[in-house]
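Open the model in your viewer and keep the selection panel at hand. The tour goes stop by stop.

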Amino acid sequence: MRIATWNVNSIRTRADRVLDWLERTDTDVLAVQETKCRDDQFPYLVFEAAGYQVAHLGLNQWNGVALISRIGITGVERHFPGQPAFAKPGQEPIMEPRAIGGLVGAGAGGAGGVRVWSLYIPNGRALDDPHYEYKLAWLEALARAAEPWSTEATLLLGDWNVIPRDEDVWDVTAFDGKTHVSAPERAALSRIEDAGYAEVSREHTPGAYTYWDYQRLAFPKNNGMRIDLAFASPAAAERVSNVWIDRDERKGKGASDHVPVVLEITAPE
DNA sequence: ATGTCGCTTTGAAAGCGA
């Protein structure tokens, strides 16, 4: 089966483009981030008419995650256990729509299925911003929640908003004093590995980026970064035969600022 | 050129988030 992750930056703007891409690339499952809509605004019919099932979680004009699958989705979970809420000073904490999981591709008795999570890690904004501590806590909580899932075939896919290594960005010195490269963020990301997961995309896509800012001609200059990552449990990792990044999806008008990361998954032994 | 985009409130333009 073919499983991808893509921060689409508004599903309403790009529904037709996303479906076209799914069909053209023969992709079975897509973990979507930044749908930027409420459940009642999601363009379900575009996908359902083409034989895809949709599970979505969205609350407002920001964030929003979904799973789109033509090989079934069962056991959908919205938010992960222990997921932190974000609290603005003097306001009720909000559980932001940043995580949705489900079992896809399961045969009889759940055999051969893969548990897929679509994750949109908080941006962090700035090192001295409350959203930065929120980001670190969110990743730490995710690592704790994900540990028990690591005994099964589980994929943690999404926009992690962390540049794991200096080689994963065009110029790391441009990020001095900024988020995405700080030691605490990278340490928080490594907690996912401590929880039993391995990042499986880099080894298949050396030197590739997944995101280019809309501003300052980032794409023509190839000022990109690798922040859309695929973490796999051992049972999932041994079934990943290849990973590729569809860089062409960043070209032309109407592109998201992120491109799809695609995993080829073989049947279990 | 802060070389952009998408959403919102709001009723053209500005604010927010990334």
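Select DNA strand B and the protein around it. 14 residues surround DNA strand B, where near means a C-beta atom, placed from the backbone, within 6 Å of the strand. The closest are Ser10, Gln61, Asn123, Tyr214 and Arg216. Colour this surface by residue class: 3 nonpolar, 7 polar and 4 charged. Here Ala, Val, Leu, Ile, Met, Phe, Trp, Tyr, Cys and Pro count as nonpolar, Asp, Glu, Lys and Arg as charged, and the others, Gly among them, as polar.

Before moving on, note that this is a predicted model: local features need pLDDT of at least 70, side-chain atom pairs count only at pLDDT 80 or more, and totals for chains, interfaces and linings use all residues. Residues are numbered from 1 along each chain as its sequence is written, while chains are lettered from A and ligands numbered from 1 in the order in which they are written.

Next, select helix H1, residues 11–25. Helices (H or I, at least four residues) and strands (E, at least two) are DSSP runs, numbered from the N terminus. A straight helix of 15 residues would span 21 Å at 1.5 Å a residue, the expected span being 1.5 Å times one less than the number of residues. H1 spans only 18 Å between its end C-alpha atoms. Centre on Arg17: H1 has a kink of about 35 degrees there, taken as the angle between axes fitted to the seven residues ending at a residue and the seven starting there.

Now show the side chains of Ile11, Arg14, Val18, Trp21 and Leu22, which are buried. Buried means 20 or more other C-beta atoms within 10 Å of the residue's own, exposed 12 or fewer, and partly exposed in between, with C-beta atoms placed from the backbone. The buried residues of H1 pack against strand E2 (29–33).

Step off the end of H1 to Asp26, in the loop between H1 and E2. Asp26 counts as exposed because it has 8 C-beta neighbours inside 10 Å.

Compare His180, in the loop between strand E8 (154–159) and helix H4 (183–194). Phi of His180 is also positive, near 80 degrees. With 20 C-beta neighbours inside 10 Å, His180 counts as buried.

Last stop: Pro220, in the loop between strand E10 (211–212) and strand E11 (224–225). Is Pro220 buried or exposed? Pro220 has 9 C-beta neighbours inside 10 Å, so it counts as exposed.

Definitions and conventions: Two residues are in contact if their C-beta atoms, placed from the backbone, lie within 7 Å.
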